[in-house]
Amino acid sequence: MYRIGVLLMSLEAKLTYSESGPDSVMLHFVVENTGGSSEKVTFRSGQRYDYILYRDGARVEQFSEGKMFTMIYEEIMVGAGQELSFDIPLKNLQSGHHKVMVWLADSDWPGVRDRLEFDI
């Protein structure tokens, strides 16, 4: 009998939003440690998250495109039951059906991402 190992992720992302104006929303990106021990998050620049925004199926923007971030290396220990949270403003949105995917800017945690849809 063969056993297949399963990698359990203890950092989980949750993405919600609230309307902040007629053409604006505030994304709420929360990364929670749902495991029983601390996990290390490593940021290799000042960037903490990234996102891609689509409107009516067409890509509108990626947060990191064309930006430069401070050169900083920071390790953060996220204890069991603790979370990191980020509020991300999206402004001057055009009318339509929007989809957004947000992820943690740590290449060691590629699966820490979530997506949602909303209409303007």
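Trainee: Which residue in β9 is the bridge partner of M101?

Mentor: The bridge partner of M101 in β9 is R115, where a strand is a DSSP run of E with at least two residues, numbered from the N terminus. This is a predicted model, in which local features need pLDDT of at least 70 and side-chain atom pairs count only at pLDDT 80 or more, while totals for chains, interfaces and linings use all residues. Residues are numbered from 1 along each chain as its sequence is written, and side-chain values use heavy atoms, with hydrogens and water left out.

Trainee: How many bridges join β8 to β9?

Mentor: Two strands pair if DSSP finds at least two bridges between them; here seven bridges join β8 (residues 97-104) to β9, and the two run antiparallel.

Trainee: What is the strand order in the open sheet of four strands?

Mentor: The order is β5-β4-β8-β9, with antiparallel pairing. Because β5 (58-62) and β9 (113-119) stand at the edges with a single partner strand each, one side of each is left without a neighbour in the sheet.

Trainee: Is V102 buried or exposed?

Mentor: In soluble globular proteins, nonpolar side chains tend to be buried together. Buried means under 20% relative accessible area and exposed over 50%, with partly exposed in between (1.4 Å probe, protein chains only); V102, at 0% relative accessibility, therefore counts as buried. V102 lies in strand β8, and its contacts (heavy atoms within 4.5 Å), not counting residues up to four places away in sequence, include L15, L27, F29 and I88. The C-alpha atoms of V102 and I52, 50 residues apart along the chain, are separated by 6.8 Å.
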